[in-house]
Amino acid sequence: MSTITRDELVHVARLAAIDLTEAETDQFATELNVILEAVARVNTIVTPDVPATSHPLPMTNVLRDDVVIPSIPLDEIEAGAIAFEDGKFLVPQILGEE
Amino acid sequence: METALVPYEDAVKRYDPVIGIEVHVELSTKSKMFCGAENTAGGEPNTHVTEVCLGLPGTLPVLNRTALEYAIRLGLALNCTIAPSCRFARKNYFYPDIPKNYQTSQSDEPIASDGYVDVILDDGETFRVPIERAHMEEDAGKNTHIGGDDGRIHGALYSLVDYNRAGVPLVEIVTRPIEGAGDRAPEVARKYVETLRDIARAIDVSEARMERGQVRADVNLSLRPTPESPLGTRTETKNVNSFRAIESAVRYEVSRHAAVLDSGQPVFQETRHFHEEDGSTSPGRAKSDADDYRYFPEPDLVPVAPDPAWVEEIRAGLPEMPAQRRARLHKAWGYTDAEMRDVVNAGALDLIDATTASGVTAAAARKWWMGELSRIAKQGDVALDQLNVTPQQIGELQGLIDAGTINDKIGRQVLDGVLAGEGDPVAVVDKRGLKVVSDDGALLEAVTAALAAEPDVVDKVKAGNMGPVGAIIGAVMKATKGQADAKRVRELILEQING
């Protein structure tokens, strides 16, 4: 049965850019393992002829025509932005990347 | 500290290069991939955006049918199999050019897979590049870094983001490792991307202008001691944005890898940046667990299962591919390999094709486009197809020459008139009064005068020396300001001399 280790949890949290305290790490490791146990139980009854589901509705090909609609007015965008400069969203400096 | 480079010719003698290329092609739909915001280059920042491409909460994407059709068309043109059913996936990463913190892409279920592209190299040889997959995804926005050195992230105080490009439909085409190119790996890489560009244009899914970022290439390279050895460690040079740069990037990385391997060190798997100014690359970030994008199926989009009948309809509507067309025209026109290569490199293929379609021989069409017109284009530093003359006008011009209405020399004057915007060739001939003088009376007068000026010519010709006839023709042409029909002038001269 698959279980998640504390290290794996810390790794996944870092990828998701979530800061966890020590207490939270312990708590979520325990809780996630309950979920993994449930998934493991489901896996015991899944056979290869059951396709994986990514969507609860039996639908395919929901498509739209290639038609242009108006843009949101710039003043409305600016009003909703935390910081805006020269018509662009202002974001904090991006570190550790190039 | 970078190791010194091994000269390219030396490196490829001792190592076998393997390349892999990822190319993003922007699709030229009217609206974006998942919303109705206009898909257009330029414009004021953030003026082609909707709630969906800004990633606002509570919005739902809906796939653009035309984007799907273009992706299928491109997949078919790359000889791929179109997936009977496929899904989108979320590629998760944190960067402000992606407002949702994930890019909607495709992971293990691409729309198209297992194809190939036949690439015609500079010497006419065909090289087959294997295609692993072509998948649909959305483009990201654009960041401008403020306060750092020359707009780079390093040292920037903050960044500004424009989402006009966010959500523009892309197809990413990924090759399998391209083996067997040997010392021609740089050329194969360049020609492959050029061929993709030509295909995308031929099937009308993208303008595919590399200088505008509508085609973007990432180039992977690894070396191995022999073609039988397992693949070496690769590096990926990002966003190589011109055809020349693709060739330079491969050459540089071959030389660099060879130096690293010669020194007994391992090559680091990393992303590298290309520098246009000197054709070098420098290390970017090392591949790390930051590349763990935690792909998972996109729950906001339902699977895509293109109707096989629709796929077949798209296949049936595909035009002739550029390589086949070139081969067909090469044969039909009867050009030598070198002539054909020059025509292709000059961008004259379409122009000559259209000119011959107006009834001109391939030889005459080539003479105009590769001769006089190439010279004029070069002088003005413009592309041939930007000259102010159409293939139809060249056809009309050659028609006037063939009919004897004008001669070659006047033809060039007529061309000047057309280029100057004086109208079609027939109109220019009328306006400038450039018709060939074929009125025997006027010509005879000029011939008599010319012969009178050179009395010894008559004796020489009578004695069988035809050489001086050319000088008399020249004098007549001069007297008639080049408007005489040279063939008729010659006939008249000989009639005069021989009685």
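Here is a walk through a predicted model with two chains, A and B.

First, some housekeeping. Residues are numbered from 1 along each chain as its sequence is written, while chains are lettered from A, and ligands numbered from 1, in the order in which they are written. Since the model is predicted, local features need pLDDT of at least 70 and side-chain atom pairs count only at pLDDT 80 or more, but totals for chains, interfaces and linings use all residues.

Let's start with chain A. Chain A has 3 helices and 3 strands, and along the sequence they come in the pattern α-α-β-α-β-β. (Helices, H or I with at least four residues, and strands, E with at least two, are DSSP runs numbered from the N terminus.) The C-alpha trace of chain A spans about 55 × 45 × 25 Å along its principal axes. Buried residues make up 5% of the 98 residues in chain A. Here, buried is 20 or more other C-beta atoms within 10 Å of a residue's own, exposed is 12 or fewer, and partly exposed is in between, with C-beta atoms placed from the backbone.

Now for chain B. Its domain assignment (automatic or from a database) gives domain 1 (8-316), domain 2 (322-432) and domain 3 (440-498). The C-alpha centres of domain 1 and domain 3 of chain B lie 68 Å apart. Gly433(B) sits in the loop between α12 (425-432) and α13 (440-453) of chain B. Gly433(B) counts as exposed because it has 8 C-beta neighbours inside 10 Å.

What about the insides? A nonpolar core is a set of buried Ala, Val, Leu, Ile, Met, Phe, Trp, Tyr and Cys residues joined through C-beta atoms within 7 Å. The largest one has 84 residues, and Ala189(B) and Ile19(B) are among those that touch the most other members. Another core, of 39 residues, lies apart from it and includes Leu415(B) and Val457(B).

Chain B also has an open sheet of 3 strands, in the order β5-β4-β15, with antiparallel pairing. Two strands pair if DSSP finds at least two bridges between them. Strands β4 (89-92) and β5 of chain B share 4 bridges, and Asn92(B) stands opposite Tyr102(B) in β5(B).

So how do the chains meet? In all, 43 residues of chain B are in contact with 31 residues of chain A, contact being C-beta atoms, placed from the backbone, within 7 Å. β9(B) gives the most to that side of chain B, with 5 residues.

β9(B) also belongs to an open sheet of 4 strands built from both chains, in the order β2(A)-β3(A)-β9(B)-β8(B), with antiparallel pairing. The edge strands, β2 (84-85) of chain A and β8 (142-146) of chain B, each pair on one side only. Between the chains, β3 (88-92) of chain A and β9(B) pair over 4 bridges, with Val161(B) as the bridge partner of Phe89(A). Elsewhere, 2 bridges join β1 (63-64) of chain A to β2(B), and these strands run parallel. There, Arg64(A) has Asn64(B) as its bridge partner.
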